[in-house]
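Here's a quick briefing for anyone meeting this structure for the first time. Have a look at it, then read on for one residue to start with and a tour of the rest.

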Amino acid sequence: MTDYEPKIIAFLCNWCAYAGADLAGVSRLQYPANLRTVRVMCSGRVDPVFIIKALREGSDGVLVSG
Amino acid sequence: MLTLCEVTAIDGDEGNFTVEIRKSPRYVDVEKCIGCGTCAEKCPAKTSDEFNEGLSKRKAIYVPYPQAVPLKYAIDAQRCIYFQKGKCKACEKFCPTGAIKFDDQEENISLNVGSIIFTAGLKAFDPSGLATYEYTRLPNVLTSIEFERILSAGGPTAGHVVRPSDNREPRKIAWLQCVGSRDLNRCDNPYCSSVCCMYAIKEAMIAKEHARNELQTTIFFMDMRTHGKDFEKYYERAKSEGINFVRSRIHSISEADQTGTLSLKYATESGQLKEEEFDLVVLSVGMEPSPDAIKAAERLGIALNEHEFVSTEDTNPVRSSRAGIYVAGVAQGCKDIPQSVMEASAAACCAGISLAPSRGTLVREKEFPKEKTFGDEEPRIGVFVCNCGSNIGGIADVPAIAQYAKSLPHVTYVEENLFTCSQDTQEKIVESIKEHGLNRIVVAACTPRTHEPLFQETIRNAGLNPYLFEMANIRNQCTWVHSSSKEEATEKSKDLVRMAVARASLLEPIPDLSVQVSKSALVIGGGVAGMTAALSLADQGFPATIVEKSEALGGSAREIERTWTGAKVQPYLSALVEKVKAHPDIQVMLESEVVNASGFVGNFETEVATKEGPQSISHGVVIVATGGHATEPEEYLYGKNPRVTRWHELEGNLKKFQGSNSIVFIQCVGSRDEKRPYCSRICCTTSVTQAVAVKEEYPQRDVYILYRDMRTFGERELLYRKAREKGVIFIRYSLERKPRVEETEEGLLQVIVFDPILQRELNIKADLVNLATAIEPAETDKIAAIYKLAINEENFFMEAHAKLRPVEFASEGIYLCGLAHYPKPLDESIAQAMAAASRAATVLSRPSIHVSPLVSQVDAEKCIGCGLCVEVCGFGAILLEEVEGKGMRAKNIPASCKGCGLCAASCPQKAIDMLHFRDQQIIASVCAAP
């Protein structure tokens with residue numbers, strides 16, 4: 001299991017969390033490359049269906065941030 | 001936007017100023033710089049980073065901070081090795097776009113403008129000169145600004161709280177308030193800086209959050225000044241979360257040991273001497289006008305007051321002494337962000353009035369080719385992969401990403417670019433769209449938050465609808481944050497491109513959305529705020545209707561004789577009422593009430609009940625200025641004894657009971673308690689003003705003010721000083737031990753209060769008692785229900801954002817000002833009313849407004865009319881409407897919709913979808929991710 005790398009889907013709010021992720025880039029803050037971002041206009045847009053879909057399609061974790 | 005500029009001279013008058021500007025060289029071409037930071041990485045010259053208060057280093061080529069606008073580098077010639085020693089040029093060698101311009105020259109610019117707004121800001125007080133705090137010698141004595149940087153994730157310690165002497169996490173931190181404020185002994189700042197109490201609490205709360213171990217925090221203060229909206233609740237929360245508040249002004253700081261631990265000696269309220277050790281001491285430094293601002297003000301020829309802030313009048317709070325020059329922010333006096341933002345809008349309003357005749361005369365519209373239609377044509381996707389110099393290409397394998405993109409479904413054309421955003425690439429993209437018949441475009445580069453508008457414009461130039469565009473963020477969210485792992489960055493980039501392509505194949509053209517604007521305003525409330533807002537709009541040519549409940553204009557200002565600076569209110573008020581009545585573009589409806597409303601930004605329809613019967617008004621915006629009033633207390637014998645009055649009733653009683661020798665003011669009557677957990681902001685200043693007036697006329701009378709914290713913020717502090725000099729006696733009481741007002745057998749009054757300094761009860765014989773009762777908003781719930789506006793727990797209206805949008809509601813086209821927002825003095829009400837008018841003018845000044853077409857879409861066939869969407873929508877953008885034969889059905893109001901999609905996610909029937917963020921489009925990305 002030591003090589004195990006989870007694939008995480010992140011739903012990020014355009015106005016805050018997504019902007020934060022961009023700023024992490026500008027500041028060159030390094031973090032693991034496991035995250036795949038989906039930009040949404042509000043974290044409230046995230047339908048539970050999206051989360052279930054993500055897990056069923058093979059993602060190992062889901063992050064909703066906003 | 002002109003940066004690195006200084007105004008050197010100004011000539012002319014309002015409406016026609018000539019401003020001479022000296023532009024210092026940046027040594028970097030802003031057109032070419034892409035903000036990649038390679039130059040700074042290669043630059044060998046390090047210097048102290050001013051933004052981090054010298055707690056970290058920056059390079060000689062730098063951006064001041066990551067959010068800087070424009071995000072373009074600049075060379076600090078004083079630190080640059082090339083400029084100092086004649087060789088280096090590392091930045092030039094490594095800059096991928098050739099943006100370095102060592103031969104950049106100082107430039108002189110001459111501007112012709114009609115108005116000027118002065119916002120030169122502040123300087124934090126420098127405590128180096130205070131010998132007893134030894135700030136320069138003791139490493140663990142920091143200023144609050146330095147500590148702010150330590151708390152910041154982007155700061156020198158990435159947000160980890162450590163003390164400078166040994167980089168250990170502190171266990172105990174003390175904040176010392178009023179350093180460089182309320183002080184004439186050790187500095188020349190007698191005023192209160194207004195913001196330090198709040199920021200100290202905030203710093204203590206965040207420090208506790210950031211600390212890994214238990215952290216003890218103590219704030220040493222004189223009066224806790226949390227007089228802003230919702231600030232008192234924050235103070236109470238801080239107390240309940242264990243922040244320790246000690247009422248004491250610390251005289252000096254000494255070293256406790258060799259490691260840098262510090263010792264503070266202080267006296268408690270009851271006079272007990274204590275000595276306590278702290279790992280870190282933060283000096284809550286106050287604000288001063290910056291020397292540059294003072295010089296600039298002199299060049300502009302605007303008057304400064306005795307503390308060198310720009311001088312203004314209470315009744316004209318943002319106008320300087322020179323016509324056509326307006327002021328906002330701390331350049332005018334100490335204040336917080338919400339107030340500064342309001343003043344900024346107010347200044348823009350004044351400039352807008354002055355320049356109204358020339359509004360829109362310099363606007364040029366850009367034209368685009370006609371949009372192509374594709375019908376059912378299969379997606380033909382073009383993918384453009386950006387190297388961003390070496391920002392992406394230097395880490396991820398761009399050719400491999402491009403090669404991979406070619407294998408994805410519907411991808412017709414792939415191209416690699418050195419800089420996809422460069423002008424020549426934009427032209428190439430237009431050509432490629434035409435040549436290959438592309439109907440969807442994906443750019444894999446930086447972030448849509450900065451570059452999507454640019455690329456959308458590009459594809460519009462090729463006749464594509466701007467929403468047939470998608471970005472894959474492979475720089476900010478990939479190569480920049482995974483720079484040590486080239487393979488992983490490449491794989492992630494491929495995934496992001498695959499997700500973008502999957503989504504792009506489902507994108508649809510979305511037509512532009514604009515709504516016509518009815519160019520008039522409805523102002524609810526005819527007090528100073530409402531009248532000022534109406535006048536500010538009417539003076540710009542936008543008609544306004546004032547709906548006033550009572551039989552006269554004027555509101556609560558009718559009771560005020562003078563402002564705290566001494567300006568007479570009644571002559572001002574009558575002049576204002578006359579101006580409003582005489583204005584051809586203002587209609588006043590007295591004894592009228594709003595009873596119903598419908599519509600949205602630009603197109604409201606409001607029903608008003610008047611004496612003559614119901615009237616319907618069409619208008620483009622709403623300004624809510626419903627005001628407030630002082631409450632009538634049920635304590636302290638109010639209403640039972642004629643010698644007990646509240647607020648300005650005192651002035652009448654002074655005449656009635658001539659020869660009264662002793663007057664007692666009681667503060668916080670009904671404020672800052674369980675029922676109203678907020679500070680009414682204006683009471684301390686008002687009572688002190690009244691006390692001074694009494695003392696000035698009758699120096700021999702005894703005047704007492706019983707208070708909890710004296711909140712004479714800003715330059716009002718001088719009034720407090722004056723009151724003490726004149727012999728007004730201030731006695732502090734606590735909520736747990738409130739004063740008592742009793743009637744003696746002879747029918748006189750006595751006030752019994754516990755004095756914390758004497759540690760005993762005092763019995764004061766009082767001829768008059770005046771109560772500073774809480775300020776409450778007028779009834780807000782009806783208006784809130786009619787326009788679907790938010791109100792807080794204390795029934796004040798809630799603005800969209802305390803700092804960023806202080807006069808707007810979350811719903812577009814509706815604005816807020818005056819006491820309905822929060823208790824405030826006259827000058828602040830006027831500024832806020834102007835600010836509301838200014839924001840409203842951004843809608844009214846256009847024949848139609850473009851709104852984002854990324855809105856909700858209701859499928860009436862699937863909708864069952866449950867109304868959940870209406871409930872969750874924070875913007876009043878969806879409502880239930882009767883559909884014949886079907887019952888209630890949801891209907892969206894595109895002009896009000898912010899596109900958040902809460903309704904879509906909540907709909908149990910899946911009857912709502914979001915344009916451009918459809919379920920299927922999001923799911924396509926999700927499914928393409930693994």
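Let's begin with A:Asn14, which counts as buried because its relative accessibility is 4%, under the 20% cut-off. Keep in mind that what you're looking at is a predicted model.

**A:Asn14 and its surroundings**

- You'll find A:Asn14 in the loop that runs between strand S1 (8-13) and helix H1 (17-26) of chain A.
- Its side chain is joined to that of A:Arg39 by a polar contact of 2.9 Å.
- Leaving out residues up to four places away in sequence, A:Asn14 touches A:Ala19, A:Arg39, A:Val40 and A:Met41, and also B:Arg449 from the other chain.

**Where chain A and chain B meet**

- Chain B puts 41 residues into the contact, and chain A puts in 40 residues.
- Together the two chains bury about 3500 Å², with 60% of that on carbon and sulfur atoms.
- Five salt bridges are found across this interface.
- B:Asp919 and A:Arg45 pair up in a salt bridge, where the closest N and O atoms are 2.6 Å apart.
- Which parts of chain B supply at least two residues each to the side that touches chain A? They are helix H11 (448-461), helix H12 (475-479), helix H13 (486-504), helix H22 (902-906), strand S47 (912-914) and helix H23 (919-928).
- H23(B) gives the most to that side of chain B, with six residues.
- Sorted by type, the residues on the side of chain B that touches chain A come out as 19 nonpolar, 13 polar and nine charged.

**Chain B as a whole**

- Chain B has 23 helices and 47 strands.
- Its radius of gyration is 31 Å, close to the 30 Å that the globule rule gives for 930 residues, so chain B is as compact as a globular protein of that length.
- Of the 930 residues in chain B, 56% are buried.
- Looking at contacts in chain B with a separation of 6 or more, 68% come from residues 24 or more positions apart.

**Salt bridges**

- Over all chains, a search of the whole structure turns up 62 salt bridges.
- B:Lys123 and B:Glu288 meet through their side chains in one of 2.9 Å, N to O. B:Lys123 sits in strand S9 (residues 122-124) and B:Glu288 in strand S18 (residues 287-289) of chain B, so this pair ties together parts 165 residues apart in sequence.
- Within that pair, B:Lys123 is partly exposed at 28% relative accessibility, whereas B:Glu288 is buried at 15%.
- B:Glu808 and B:Arg839 form another salt bridge, with the closest N and O atoms 2.9 Å apart. B:Glu808 is in the loop between helix H19 (781-787) and strand S42 (814-816), and B:Arg839 is in helix H20 (residues 826-844), so parts of chain B that are 31 residues apart in sequence are tied together.
- Is B:Glu808 buried or exposed? B:Glu808 counts as buried, at 12% relative accessibility, while B:Arg839 is partly exposed at 29%.
- B:Lys886 bridges to B:Glu861, the closest N and O atoms being 3.0 Å apart. B:Lys886 is partly exposed at 39% relative accessibility, and B:Glu861 is exposed at 63%.
- Some residues are linked in a network of salt bridges: B:Glu232, B:Arg247, B:Glu269, B:Arg672, B:Asp709, B:Arg711 and B:Arg732.

**One more residue: B:Lys891**

- B:Lys891 lies in strand S46 of chain B and is partly exposed, with 38% relative accessibility.
- Not counting residues up to four places away in sequence, B:Lys891 touches B:Ala877, B:Ile878, B:Leu879 and B:Glu881.
- B:Phe384 is 507 residues from B:Lys891 along the chain, and their C-alpha atoms are separated by 39 Å.

Methods. Residues numbered from 1 in each chain as written. Chains lettered and ligands numbered in written order. Predicted model: local features only at pLDDT ≥ 70, side-chain atom pairs only at ≥ 80, totals over all residues. Heavy atoms only, no water. Contact = heavy atoms within 4.5 Å. Buried area = accessible area lost by both parts, 1.4 Å probe. Salt bridge = Lys/Arg side-chain N within 4 Å of Asp/Glu carboxyl O. Helix = DSSP H or I, 4+ residues; strand = E, 2+ residues; numbered from the N terminus. Nonpolar A, V, L, I, M, F, W, Y, C, P; charged D, E, K, R; others polar. Buried < 20%, exposed > 50% of the residue type's maximum accessible area, 1.4 Å probe, protein only. Rg over C-alpha atoms; globule rule 2.2 N^0.38 Å. Polar contact = N/O pair within 3.5 Å; in protein donor to acceptor, adjacent residues only side chain to side chain.
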